[in-house]
Amino acid sequence: GPEEIYYELARIYLLNRRVREAESAYRRLLESFPEAGPAKLKLAEIYEYQGRGDEALALYRSAALESPEDPEKALFLARALMRHKKHDEALEHILSCRRHFPRRLLFLELLADVYGEKGEKMEALRVLEEALVLDPYRAKIYKMLGELYFDTGDNHKAQERLRSYHEKTCGDYRSHHVLGDVLRALGDKTGSRREYEKALELLRGNERAAGGKA
């Protein structure tokens with residue numbers, strides 16, 4: 001139908017880096033089909049690319065408001081608010097999302113990020129520990145907790161959470177580096193050096209992989 005033609009036209013314009021024409025196609029699509037939610041999100045992305053943050057946020061808000069039962073549109077708005085440092089609005093929005101989509105743990109992670117950005121690290125820790133109770137197998141949460149506990153000076157808790165992260169994954173250069181910092185703070189020089197060496201090994205591996213792709 002005509003709606004699909006607009007989407008395809010905009011997609012081809014973007015592939016050819018013709019951003020203004022793509023913007024125009026999405027605008028015409030929304031004029032003809034005002035409820036075309038995906039078009040709003042695509043147009044919002046173009047506005048962000050062009051540095052038109054306020055216009056982008058208006059579209060993200062509109063898309064989320066029109067589809068209150070759609071967690072994906074709510075997620076787009078949450079991430080956009082955080083990108084644009086609208087922390088108070090992001091906090092209000094994500095708390096609402098937590099009530100509305102209680103099974104979506106991603107909103108808990110975003111909530112922790114917002115608290116962290118606002119400097120409310122104890123609140124961020126509380127939220128992440130809640131997420132861990134709901135899903136103890138989500139490795140990323142252990143890493144986030146480890147870094148936050150280190151930031152707040154609870155090195156024993158940081159060590160515990162980072163070791164759990166490494167048990168569930170092979171770890172990454174950042175998590176091994178932070179654990180090295182934690183062990184150094186705890187006076188374990190040998191363990192600290194071992195973690196720094198592992199971080200360096202992984203970092204070099206990433207560089208080699210990136211070089212191979214180039």
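Student: Which helices do the buried residues of H6 pack against?

Tutor: In this predicted model, helix H6 covers residues 87-100, and its buried residues are His87, Ala90, Leu91, His93, Ile94, Cys97 and Arg98. An α-helix has 3.6 residues a turn, so residues three or four places apart point the same way. The partners against which the buried residues of H6 pack are helix H5 (71-83), H7 and helix H8 (121-134).

Student: What distance does helix H6 reach from its first C-alpha to its last?

Tutor: Helix H6 has 14 residues, for which 20 Å is expected at 1.5 Å a residue.

Student: Which residues touch the most other members of the largest nonpolar core?

Tutor: The largest nonpolar core holds 61 residues, and the helix that gives the most to this core is H7 (residues 105-117), with 8 residues. Phe107, with residues up to four places away in sequence not counted, touches Pro71, Ala74, Leu75, Ile94, Cys97, Arg98 and Phe101. The core residues that touch the most other members are Ile94 and Phe107.

Student: At what angle do helix H10 and helix H11 pack?

Tutor: Two packed helices are described by the angle between their axes and the distance between the axes. For helix H10 (residues 155-168) and helix H11 (residues 173-185), the axes are 10 Å apart, and the crossing of H10 and H11 is left-handed. The angle at which H10 and H11 pack is about 150°.

Student: How many residues of the contact of H10 with H11 are nonpolar?

Tutor: On the H10 side the contact includes Asn155, Ala158 and Leu162, and on the H11 side it includes Val178, Leu179 and Val182. The residues of this contact also comprise 5 polar and 1 charged, while the number that are nonpolar is 8.

Student: What is the relative accessibility of Leu179?

Tutor: Leu179 lies in helix H11 and touches Gln159, Leu162, Arg163, His166 and Glu195, with residues up to four places away in sequence not counted. Leu179 counts as buried, and its relative accessibility is 0%.

Student: What separates the C-alpha atoms of Leu179 and Phe76?

Tutor: Leu179 and Phe76 are 103 residues apart along the chain. In the model, their C-alpha atoms are separated by 32 Å.

Methods. Residues numbered from 1 in each chain as written. Predicted model: local features only at pLDDT ≥ 70, side-chain atom pairs only at ≥ 80, totals over all residues. Heavy atoms only, no water. Core = buried A, V, L, I, M, F, W, Y, C linked by side-chain atoms within 4.5 Å. Buried < 20%, exposed > 50% of the residue type's maximum accessible area, 1.4 Å probe, protein only. Helix = DSSP H or I, 4+ residues; strand = E, 2+ residues; numbered from the N terminus. Contact = heavy atoms within 4.5 Å. Axes fitted to C-alpha atoms, helices over the stretch in contact; angles between N-to-C directions. Left-handed = near helix turned anticlockwise from the far one by under 90°. Nonpolar A, V, L, I, M, F, W, Y, C, P; charged D, E, K, R; others polar. Expected span 1.5 Å × (residues − 1).
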